[in-house]
Structure formats: C-alpha cells, structure tokens
Amino acid sequence: MDGERPAHLVLDCGTGTETYTPLSDQEWAEHRQALAAAQAEAQDRAAEAEAKAAEDKRVRALVDAHPDPLVKLLAQRAGLAP
Amino acid sequence: MPFTAGQRILASYLNAQVSMLQKTVLTSTTASVTFSSIPVYTRLVVFWRVRLSASGPQNILLQVDGDTNADYLWNFVDAINGTAGGSHAGLGTSSIIIGTADGNTANYFASGDLSLDGWANTSGYLTASGTWANFSTLTTDAVGAVGGLFVGVGPHSSFLLKPASGSFVAGSQFSLYGYN
C-alpha cells in the first residue's frame, strides 16, 4: 500500500504545466507512519463493529427465545430487538 | 453581457465570465495538489473526485496561499449511513476541512465541489463552502456540507488540497473554474 513514494503536484494555471515533486525522505517517513496509524485505526474500528454486531445478534437470539412476550416488547422499546 | 437576436457570438464573450482554469487526472499517487498562478477571478469553483491510499475516512484539507498558520476556521454537518453529525473549529486551525474520502475499496470514490468566494477581493476574508459525498463500500457512505473562512485578504494566488493522512491515488481528478 505504501510502496510507491508519492509526490506533490503543482498545477500552474498560468502556463498549464504540471510539476511533480517527490516527497522528501522526512516527508516520506512521516507519510508511512501516518498510513500505518490510519490502518491500525481502521482495523480497530472494524473489530469494534464486528464485536457489536455479534453482541447484537446474541441479544436478539436471547430475546427471541424468551417465552414471555413482555420481554420482546421491552427489548423493542429499548432498541435491542427489531 | 446581453446578446441580441442574430448577434455573432465569439468564444471570448462566453469565456469572459466563466473559464476552466485547470483540470487533471492523477496518474500516480499524489500527496497534495496545488493550483498556482491562478488568475484574478471573483470566485473559484473546484470539483474533486478522489480515492485515498490511507484507510479512512480521512478529511480532505484546504490551505490558501501556502499559509500553514492557524488562520482558518470551519464548520460542517454530515450524515454517515444516515446518522446526522457535525463538527466545527473556531479560528486556530491550519486548514479547512472540505470533505472526507476513503481508501478501503478499489473503485469507490468520494466527490465534492468547493466554492472560494472573494478570491480577488482586496478587503474581506476568503469564504469557502462546499458539499461532498463519500462512498467506501456498498454499505458505508457519508454526505456533508461545509463552510470555512480563511483569515487572509486577497487577491489570492494559490491553494492546496491534501488528505489528512495518505495520498490521492491514481485516477483521482480535479477541475478548477473561475467566475466573475
């Protein structure tokens, strides 16, 4: 994902020219660091969403299995069941 | 200018009030895009369509005249998968957020428009306003609207767009128009 060193692009509206300047070594190091942090953050978010979905599924199964309809009604009011 | 019936219309008449100043489709990964030597127009409008190299969502940032100081403020409302939200920053930030984009999935792009009003004014600060839509998967989307202010007096000459993290990937595109 971070194999290609990006460049800064300047579009000159006067001459119509496009000039690419590769990131400096320091910018490139910072860029890769930021990419790694963003990747880790995205993985955390995905894991969190997965855990929440699993928990929601578990609660719904418990509610569905309960014999008392009042439990389902209360769960619906609380937003825990469809 | 008003036209009369039968009048011969020259291309220059049409171009006088609205001009496309620059457009590009990136062919490689690009950390920032700067429009420079921009002619004096009352208002600029830029259309953007991007995908990022970084996992997202990431903010897309605007800086004017190479100013990286705390001379910007912004305020946006958005809805992510239908859930409303928003954020703002008073004066003290080094850029204006103009939208968000993602990099999770190939073929999924974000796009938006941005107006920069007061570009040529010699008094009054530059105002920015725009909207955007960001799609990162078949089930993940965001839309929003933003307003921002650059505490700098024109005429201005350049502005830069960049993601908060990562780069714009190849295929991202930008076009800039000047309005009088």
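Analyst: Strand β1 (residues 18–25) of chain B pairs with β12(B) in the antiparallel sense, over seven bridges. Two strands pair if DSSP finds at least two bridges between them. Strands (E, at least two residues) and helices (H or I, at least four) are DSSP runs, numbered from the N terminus.

User: What should I know about the model and its numbering?
Analyst: This is a predicted model: local features need pLDDT of at least 70, side-chain atom pairs count only at pLDDT 80 or more, and totals for chains, interfaces and linings use all residues. Residues are numbered from 1 along each chain as its sequence is written, with chains lettered from A and ligands numbered from 1 in the order in which they are written.

User: Which residue in β12(B) is the bridge partner of B:Val18?
Analyst: B:Tyr179. B:Tyr179 is also the bridge partner of B:Arg43. Strand β3 (residues 43–50) of chain B runs antiparallel to β12(B), joined by seven bridges.

User: Which residues make up the covered face of β12 (residues 173–179)?
Analyst: B:Phe174, B:Leu176 and B:Gly178. The uncovered face has B:Gln173, B:Ser175, B:Tyr177 and B:Tyr179.

User: Switching to chain A. How many residues of α1(A) are buried?
Analyst: Three of its 41 residues. They are A:His31, A:Leu35 and A:Ala38. Buried means 20 or more other C-beta atoms within 10 Å of a residue's own; exposed means 12 or fewer, partly exposed in between, with C-beta atoms placed from the backbone.

User: And α2 (residues 69–77) of chain A?
Analyst: The count of buried residues among its nine is zero. A:Gly79 follows α2(A), with a positive phi, near 80°.
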